[in-house]
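Okay, thanks everyone. Let's have the model up on the screen, and then I'll walk you through it.

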Amino acid sequence: MTYEATRARVETYFDRTATRTWERLTSDAPVSKIRQTVREGRDQMRDRLLEGLPADLTGRRILDAGCGTGQLTEILAARGAEVVAIDISPALIGIARARLPKALQDQVDFHAGDMLHEPNGPFDHVFAMDSLIYYDADHIRDAVDRFADHGATVRLTVAPRTPLLAAMWYAGKVFPKSDRSPTMVPHNTKTLTRKLDDAGRVRDLGRVNCGFYISHALEVAS
């Protein structure tokens, strides 16, 4: 499937089918047990992606690629960063903008559009948390190269190819459609690392395994 076709499918899901689902998932509202594991896993992965960054990010320009409802965006801005937050879903951008505290609004520039084509660099860091999990290895490599062209260090997540994830994915088909998302593309993380790696620029940041949320983080130096 082409990048454009996958992007369109993801846009339909997040902007029309499941906007309210993701609004609840990324809030403190009660959710199903399935979604609770996803919420907790995403919290853990967000913390993992932030590990090693200074508490004070003043003076740094950061791209939150696929920002969703803006949880990571708010944390980065609270640390002093100038953040460009982009998402394919205008509805999610609207939620993110409404949730951002007034004191941080001057530090964030929201965009609704393609994370690979809209924002202008340079950036010090790019975060792509769960925004590339629907794409194959070639598309991920193209995205990382484009982000790196902005001069940035890229921290991204992918869906790892594991027996447990495969079993859970097939089992998930019996659950109501409201608990499903667009089809992820599982990757062998070692194989993907070799595809992304130029002169040792990839660092493995580890895996989060929390119920129905399984995700693996990588860092690619510019």
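So, to start: does Tyr134 count as buried or exposed, and at what relative accessibility? It counts as buried, at 7%; buried here is under 20% relative accessible area, exposed is over 50%, and partly exposed is in between, with a 1.4 Å probe and protein chains only. Before I go on: this is a predicted model, where local features need pLDDT of at least 70, side-chain atom pairs count only at pLDDT 80 or more, and totals for chains, interfaces and linings use all residues. Residues are numbered from 1 along each chain as its sequence is written, and side-chain values use heavy atoms, with hydrogens and water left out.

Back to Tyr134. Its ring pairs with Phe14, centres 6.4 Å apart and planes at 55°, so we call the pair tilted. The rule is that rings of Phe, Tyr and Trp (its six-membered ring) pair if their centres lie within 6.5 Å, with planes under 30 degrees apart stacked, over 60 edge-to-face and the rest tilted. Phe14 sits in helix 1 and Tyr134 in the loop between strand 4 and helix 6, 120 residues apart. Helices (H or I, at least four residues) and strands (E, at least two) are DSSP runs, numbered from the N terminus. Phe14 is buried too, at 10%.

Seven strands make an open sheet, order 3-2-1-4-5-7-6, with mixed pairing; two strands pair if DSSP finds at least two bridges between them. Strands 3 and 6 are at the edges with a single partner strand each, so one side of each has no neighbour in the sheet.

Look at strand 7, residues 213-220. Eight of its eight residues are buried, so the rest of the structure largely encloses this strand. Tyr213, Ser215, Ala217 and Glu219 point one way, and Ile214, His216, Leu218 and Val220 the other.

Strands 6 and 7 form a hairpin with two residues between them, and Gly211 in the turn has a positive phi of about 60°.

That's my tour; questions welcome.
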